[in-house]
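Please study the sequence and the structure below before reading on.

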Amino acid sequence: MPPAPVSVLRIALPVPLPRLFDYLPPPGHEASTNDIGRRVRVPFGQRETVGIVEGVGTPDAGAGTLRAALAWLDDAPLLAGELHASARWLARYTHAPPGEVLATVLPAALRRGEPLPDTHEWAWRLTEAGATALAGMRAGRPRQLAELLSAHPREETALDDLLPGWRAAARSLAGRDLAGRIAVPASQFVPDPQPGPEPNPEQAEAIEAIQASPGFAPLLLDGVTGSGKTEVYLHAIADCLARGRQALVLVPEIGLTPQLLSRFRARLGVPVHATHSGLNDGERARVWAAAWRGEARVVVGTRSAVFTPLPQAGLIVIDEEHDGSYKQQDGFRYHARDFALVRARALEVPIVLGSATPSLESLHNARSGRYAHLRLIRRAGRAKPPPVRVLDVRKRPLEAGLSQEMLGRIEQDLAAGGQVLVFRNRRGYAPVLLCHDCGWSAGCPRCSSPEQNRPMTVHAHGRRLQCHHCGHRRPSPLACPDCAGLGLQPQGIGTERIEELLAARFGGYPVLRIDRGSTRRRDALQKLFAELGERPGILVGTQMLAKGHDLAGLSLVAVVGIDEGLFSADFRASEKLAQLLIQVAGRAGRAERAGEVILQTHHPEHPLLDTLLNGGYHAFAEAELEQREAAGFPPFAHLAMLRAESKLADPPMAFLHAARRAVADWQKALEGERQSRPPDGERGDADGVEISGPMPAPMARRAGHYRAQLLLSAARRAPLHAALAAVVPQIYALPEARKVRWSLDLDPVDLY
Ligand code: ADP
Ligand code: ZN
Ligand code: ZN
């Protein structure tokens, strides 16, 4: 009798290879299909790594001696059911290495092999010493915290709401043994849900449509800013909770504010788990584990929260679905909104995509009937939409980019007790440092190439230069390095320069700058808003200001310096600019104070501005969709971008030429087959893929790397994926691939 076939584990490892790896089970164990989804520690080369069992089988003939896995890390599969299946789908769809995709699904701590963490809540209590010391403590945060804890221990989530900045205070108390951190059972203290406003008829209709959706249903909640979309989410989530199901809410990177979380917590009456890049690995793993165990009922998070396990899923919400932060732009490039749709289908739950400025993709899907289209066309409550006025500044003198008329309006508003937002989407002091004597300008040494000078942005009132592409910094030169002249001058206007002018001109009023430079920390923004309070004053900022913040006192939004966006080569530039303008304008008049938006431009007759301001976002979208269709761009085409980079100039192009040949050879082979045989439906699908490039990337060098790209496009998805399925394995094997870092980006958002 032949010996029984040895069974092996097929394991996905976090390495950039598009395949699984065979191992024998750990000594003393048998491989079984029950192991699929378990983490296992394995030897890999000279080191050890953590993999996930994707299957079991018999070893391939000639596989040689297999190594044995070292140890199981989980008793039961960590990845199972829908999440595992969806993740596999994502790996196939993106043609990415399965092990890298599965590693992305797991939070970092679990990826490294740490055990699934306990999911009790953490709370803080006062020690006996703390209770005694309280009476003698100086005023300040530590004392405020001690007072809060003197009645009973408080959960950290509760402290987030009660005392912003409590963590530093807690550290200070703990350092003196006055307070300590204790584990408490989850959801011990849950406030009673607070009632919200009565939904208006539009909202009621939307809520009903979501509740009435049996199983999978994509719904586009297309509602102007302030129309009460969040209220609709809250009702739909409450309904989902009442049915005993879990809800997942995705928000843009910038949209996850303490404001939003406390609104959710107050209204829902269940613990709301937040997950975002500001948490440490342990905290993120805990949220994931709590959802995995079904303990977390509502998870609110940014992009990677789309990988939250939902064993009892009932609803997915994507807020600001058009937002660019849903697309992961490096490493494994996935789109959280698109993947959420895939998951909702697999989970058979409704998914609500909310936005005041829906992506053209989603609008197209709504218009073609694939998504239900729910519209909220009025602002909720008593807030009024602000009128938008275009200010033609051709031939007008400008001061730090602001016209006299604009400055006059700002002055008026401040005098009347209003708050003013000045929007300029360019941070720093000035975009360029130029020698007025010889024309030299300061370029980034890591991002410039002989053909292309990439200016460094001037910061700190001219004292420092910084590259916004790679982060490189240096002090500004005192004299021109080329001609030794002293004629160096900052050119152009950034938010710092506007702040400087406004502070000098309106000295009596607070002027706060809000951009990535001034708000590195997550709660910094909240602190800035709190600092302003209800006083008259000015906020100067970049697109950070465009999103989600409820600024009740705003009476004027001044938009300056958007003109360069009107003439960008990127096919998505118009869409992004239109969304940005509408979102910024939407900040005004959120409360009862009437607002106005003034848009200053040198191109008042530009069709984008004309359509947007006279017809609104939907008129713009209509026109833009027509142009996309005519030009064969998404959503009327499907794209895949192959990118390559290297420290040397030639290897990226050489690699992409080889990749192009692989695609072309495959097409030729297909063509030959078709001529020798009548086409059958399946195969007939596999052409119609257009190749453009290779060409240097629009940013041909970045952070010391030369970059190039090859674009594949097709009117339908199937041929594109057939081409990639055939060619990507060959691309991995190309000798040229070893000399570059390359990546494949399915449905790229940026073409650079
Ligand atoms: P969006 O998410 O569309 O920007 P929100 O849900 O945040 O809108 O609502 C905007 C403001 O209007 C909030 O202050 C909210 O409390 C209020 N609001 C929402 N719906 C109603 C309603 N039906 N009646 C009164 N006020 C409402
Ligand atoms: Zn010079
Ligand atoms: Zn640079």
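A residue is called buried under 20% relative accessible area, exposed over 50% and partly exposed in between, for a 1.4 Å probe and protein chains only. The model is predicted: local features need pLDDT of at least 70, side-chain atom pairs count only at pLDDT 80 or more, and totals for chains, interfaces and linings use all residues. Residues are numbered from 1 along each chain, ligands are numbered from 1 in the order in which they are written, and side-chain values use heavy atoms, without hydrogens and water.

C444 is buried because its relative accessibility is 0%, and C467 is buried because its value is 1%.

**Ligand 1.** Around ligand 1 there are 16 residues, with E198, Q203, K229, T230 and R263 the closest; a residue is near a molecule if one of its heavy atoms lies within 4 Å of it. The table gives polar contacts, that is, pairs of N or O atoms within 3.5 Å; within protein, one must be able to donate a hydrogen and the other to accept it, and residues adjacent in sequence count only if both atoms are side-chain atoms.

| Residue and its polar atom | Atom of ligand 1 and distance |
|---|---|
| Q203, side chain | nitrogen, 2.8 Å |
| S227, backbone | oxygen, 3.3 Å |
| K229, backbone | oxygen, 2.8 Å |
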